[in-house]
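Hi everyone, thanks for making time.

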Amino acid sequence: MVKIIHTSDWHLGQNFYHYNREEEYLDFFSQLHQLVAEEQPDALLVCGDIFDQAAPPTWAVAMYNREMVKLKQAFPTLQVVVTAGNHDSPSRLSASRVLWQELGVTVVGTLPRTPEGCIEEERLIVPIRRNDEVVAWVLAVPYLYGGNLPPVENEDSYPSRLSAFYKRLRKRVEGMRTTGQPVIAMGHFTLANCELTEHTTIIGNIEAVSSDEWAKEFDYTALGHIHRPQHVGSPNVRYSGSVLPVSFDEPFPHSVTVVEFEEGKMKQVRKREIRPLIEICNVPDEHRPFDEVKQSLLEFPADKRAYIRVKVLLEGITSPIMYEEALACLQGKAASLCLLHPVRRETASSDSLSEEVISDWEVLQHVSPLDIALKAYREKNSGEEMPKEAQNCLQQLIEESRLSVNE
Ligand SMILES: [Mn+2]
C-alpha cells in the first residue's frame with residue numbers, strides 16, 4: 001500500500017483584515033504534524049500557494065522553514081514535494097531548493113530549464129521511495145502561466161498546451177515505471193465544472209481545463225488553486241482546498257486529503273479536517289437592522305475566538321459611527337471585528353436587497369490588479385478579451401512590482 005497526504009493553498013503569511021495570523025498557522029502546522037504521525041504517509045504533496053504573497057513576511061518564512069524541518073526530523077522517511085502556486089514567487093521558492101533537497105524535500109518553483117532554455121522535464125519527475133525501492137511517481141508541476149508552456153502545433157489555447165505538456169511527462173514516466181507504481185500528477189490550475197469560491201481570481205483561470213484527461217491519464221491528480229475541497233468529474237481528480245479560511249467566502253470545513261493506492265491503483269480517498277483556531281462568523285446570520293445587530297453582538301459568547309463580519313440592514317438615517325458602536329459591543333470578548341457588510345432594501349415595498357456601502361478595501365481584497373485591467377479592457381473594447389500575450393506580460397509586471405514594493 002502507498003499512502004500520500006495531499007494539501008495545498010496554505011497561504012502562509014496572510015493577515016485576516018488587520019489581524020496577524022501567526023498563531024493560526026502555527027496551530028495548522030501542529031495539526032499537520034499530528035496527522036502525519038497518525039497516517040504515516042509515504043509522501044506529503046503541497047500543491048501551490050504555500051505563501052500568500054510573492055514576498056511573504058519574514059515570520060511566515062521562518063515558521064515555514066522551522067516547521068518543515070521539524071516535520072522531516074520527526075518523520076525522516078516522509079518525502080515532501082512542494083510546488084509553487086500563483087501566489088508564490090517561483091524564483092523565491094526555488095532559491096533555497098538545493099538546501100531543501102539535502103533534507104529530502106523536493107521544491108519546484110520555477111520551471112527548470114537548461115541554459116539553452118529547454119524545459120528539464122526529468123526534474124519534474126519525482127520518484128517516491130520506500131527502503132530504496134520506488135513505490136510511486138509524482139509529477140511535480142508548478143503553476144504555469146501561458147507564456148511558460150511550450151507551443152503545440154495548430155493548438156494555441158492554454159488548456160491544450162497544458163494537457164500536451166502533462167501527456168509528455170506521462171509518457172516519460174511510462175518509460176521509467178514498473179507495474180504497481182501509481183503515477184500522481186500535481187497541478188495548480190482551474191478545472192472546468194469545479195465549484196469556485198469568490199477568492200479565486202482570474203489568474204490561472206484564463207481558460208479552464210477539462211478534468212477528463214487527467215482522470216484517464218493519472219492514477220491520481222493532486223490539485224491546488226480552488227479553495228473549496230472537491231472531486232472534479234472523478235474521485236481521482238481532486239482539490240484538497242485551503243487549510244484555513246482565507247476570506248469570509250470560505251465558511252466550509254477545511255481539510256487535507258489522504259489517498260491510498262493498492263497495486264498501483266487508487267483505493268481510497270479520505271478527508272482529514274483541519275479545525276480552525278479562529279472561526280469566521282457572520283453576525284447576525286442574515287442582514288438585520290442595526291439595533292438588532294448590536295444585540296446579537298452583545299450576546300456573542302465572550303470566550304469564543306472568531307473573525308466577525310457584521311451584517312447590517314440599513315434603514316433611514318444611518319449612524320456614522322456604526323463600526324465604533326459594533327466594536328464597543330464586542331469589548332472584552334475574544335472575537336475580532338473585521339468589517340461591516342451593510343445592505344439597503346431597494347424600495348420600501350421590495351424584499352430584494354442591494355449592496356450599499358462596501359469599503360473599497362473589502363472589494364480590493366478579492367480583486368486582483370489583473371482582473372481590474374481585464375475588466376477595463378473588455379469595457380473599452382466592446383467585450384473583447386485582452387490578448388493572452390498582453391495578459392502574460394501584464395501579470396509578470398504585476399508580480400515584479402509586487403516584489404519591489406515589498407522589498
Ligand atoms: Mn490559493
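Helices here are DSSP runs of H or I with at least four residues, strands are runs of E with at least two, and both are numbered from the N terminus.

Before going on, a word on what you're looking at. This is a predicted model, where local features need pLDDT of at least 70 and side-chain atom pairs count only at pLDDT 80 or more, while totals for chains, interfaces and linings use all residues. Residues are numbered from 1 along each chain as its sequence is written, and side-chain values use heavy atoms, with hydrogens and water left out.

Back to Gln-31. Is Gln-31 buried or exposed? With 9% relative accessibility, Gln-31 counts as buried; the cut-offs are under 20% relative accessible area for buried, over 50% for exposed, and partly exposed in between, using a 1.4 Å probe and protein chains only. If we ignore residues up to four places away in sequence, Gln-31 touches Glu-273, Ile-274 and Arg-275, where contact means heavy atoms within 4.5 Å.

Now zoom out. The chain has eleven helices and 18 strands. Its radius of gyration is 23 Å, close to the 22 Å from the globule rule for 407 residues, so the chain is as compact as a globular protein of that length. That radius is taken over C-alpha atoms, and the rule is 2.2 Å times the number of residues to the power 0.38. Buried residues make up 53% of the 407. And of the contacts with a separation of 6 or more, 68% are between residues 24 or more positions apart.

Next, the metal. Which residues coordinate the manganese ion? They're Asp-9 (OD), His-11 (NE2), Asp-49 (OD) and His-227 (NE2), at 2.1 to 2.3 Å. Donors are N, O and S atoms within 2.8 Å of the metal (3.2 Å for Na, K and Ca), and water is not among the atoms, so sites may look incomplete. Both of those aspartates count as buried, Asp-9 at 0% relative accessibility and Asp-49 at 1%.

Over to Tyr-323, in helix α8 (residues 322–329). At 26% relative accessibility, Tyr-323 counts as partly exposed. Leaving out neighbours within four places in sequence, Tyr-323 is in contact with His-18, Leu-337, Cys-338, Leu-339 and Leu-340. How far is Tyr-323 from Ala-185? They're 138 residues apart in sequence and 47 Å apart in space, C-alpha to C-alpha.

The peptide bond from Val-283 to Pro-284 is cis, with omega near -15°, and Pro-284 is part of strand β15 (residues 279–289). Then there's Gln-40, which isn't a glycine but has a positive phi, near 50°. Gln-40 is in the loop between α1 and β4 and counts as exposed at 53% relative accessibility. Asp-132 isn't a glycine either, and its phi is positive at about 70°. You'll find Asp-132 in the loop between β7 (125–130) and β8, exposed, with a relative accessible area of 73%.
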